[in-house]
Amino acid sequence: QVQVVESGGGLVQAGGSLRLSCAASGSIFRLNVMGWYRQAPGKQRELVATITSGGTANYADSVKGRFTISRDNAKNTVYLQMTSLKPEDTAVYYCDARVDSGWYSHYDYWGQGTQVTVSS
């Protein structure tokens, strides 16, 4: 039983910044990778960034150099600092919290999503 809640979305002009937060709570025994995905209207959900429990980050090419993912393990929270936002970044952003259920198994818990709209 894990709950994932995103916050921080909103409307911003191109070139602006936003910081998204995602907090996982509940029965978390082994929280593994956490990540951000986004889905624009008419498009499939795509990877934005992930971060391991050890702090190793991975980014989609489209956001490298502009977005920074970080996490606070004590709070089971992951953040996405978005700068130099572009209209193409407009999407619903979803948080993924991966919880290990065994040596080779896991389960992904998803948040409800938070809307990010970048105006030109």
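Predicted model: local features only at pLDDT ≥ 70, side-chain atom pairs only at ≥ 80, totals over all residues.

The aromatic pairs come to two, and one of them is formed by Tyr37 and Trp110, whose ring centres are 5.1 Å apart and whose planes stand at 65°, so that the pair is edge-to-face. Because Tyr37 belongs to strand β4 and Trp110 to strand β10, this contact ties together parts that are 73 residues apart in sequence.

## Strand β9 and its partners

Strand β9 spans residues 91-102 and is joined to β4 (residues 31-39) by seven bridges, with the two strands running antiparallel. Within that pairing, Gly35 stands opposite Asp96 of β9, while the bridge partner of Trp36 is Cys95. Six bridges join β9 to β10 (residues 105-110), again in an antiparallel arrangement, and here Ala97 stands opposite Tyr109. These two strands, β9 and β10, form a hairpin with two residues between them.

A further antiparallel pairing links β9 with β11 (residues 114-119) over three bridges, and in this pairing Ala91 has Val116 as its bridge partner. On the side of β4, the strand also pairs with β5 in the antiparallel sense, over five bridges, with Tyr37 standing opposite Leu47. The hairpin of β4 and β5 has six residues between its strands, and Gly42 takes a positive phi near 80° in it.

## The four-stranded open sheet

Four strands form an open sheet, in which the order is β1-β3-β8-β7 and the pairing is antiparallel. The edges are taken by β1 (2-7) and β7 (67-72), each of which has a single partner strand, so one side of each is left without a neighbour in the sheet. Neighbouring strands of this sheet are turned by 15° against each other on average, direction ignored.

## The nonpolar core

The largest nonpolar core has 30 residues, and those with the most contacts inside it are Trp36, Leu80, Met82 and Tyr93. Two or more residues are given to this core by each of β1, β3, β4, β5 (46-51), β7, β8 (77-82), β9 and β11. The largest share, five residues, comes from β9.

Leaving aside residues up to four places away in sequence, Leu80 touches Leu18, Arg19, Leu20, Trp36, Val48, Ala49, Phe67, Thr68, Ile69 and Tyr93. Two of these neighbours, Trp36 and Tyr93, are themselves named with Leu80 among the residues that have the most contacts inside the core.

## The disulfide

A search of the whole structure finds one disulfide, which joins Cys22 to Cys95 with an S to S distance of 1.9 Å. The angle about the S-S bond is -80°, and the link of Cys22 and Cys95 is left-handed. Since Cys22 lies in strand β3 (residues 18-26) and Cys95 in strand β9, the pair ties together parts that are 73 residues apart in sequence.

Are the two cysteines buried or exposed? Cys22 has a relative accessibility of 0% and so counts as buried, and Cys95 is likewise buried, with a relative accessible area of 0%.

## Positive phi in the loops

Asn76 has a positive phi of about 50° although it is not a glycine, and its place is in the loop between β7 and β8. With a relative accessibility of 23%, Asn76 counts as partly exposed, because the range between 20% and 50% carries that label.

For Ser84, phi is near 50°, again a positive value in a residue other than glycine. Ser84 lies in the loop between β8 and β9, and at 41% relative accessibility this serine counts as partly exposed.

Note on methods. Residues numbered from 1 in each chain as written. Heavy atoms only, no water. Disulfide = S-S within 2.5 Å. Buried < 20%, exposed > 50% of the residue type's maximum accessible area, 1.4 Å probe, protein only. Pairing = 2+ DSSP bridges. Axes fitted to C-alpha atoms, helices over the stretch in contact; angles between N-to-C directions. Core = buried A, V, L, I, M, F, W, Y, C linked by side-chain atoms within 4.5 Å. Contact = heavy atoms within 4.5 Å. Phe/Tyr/Trp six-rings, centres within 6.5 Å; stacked < 30°, edge-to-face > 60°.
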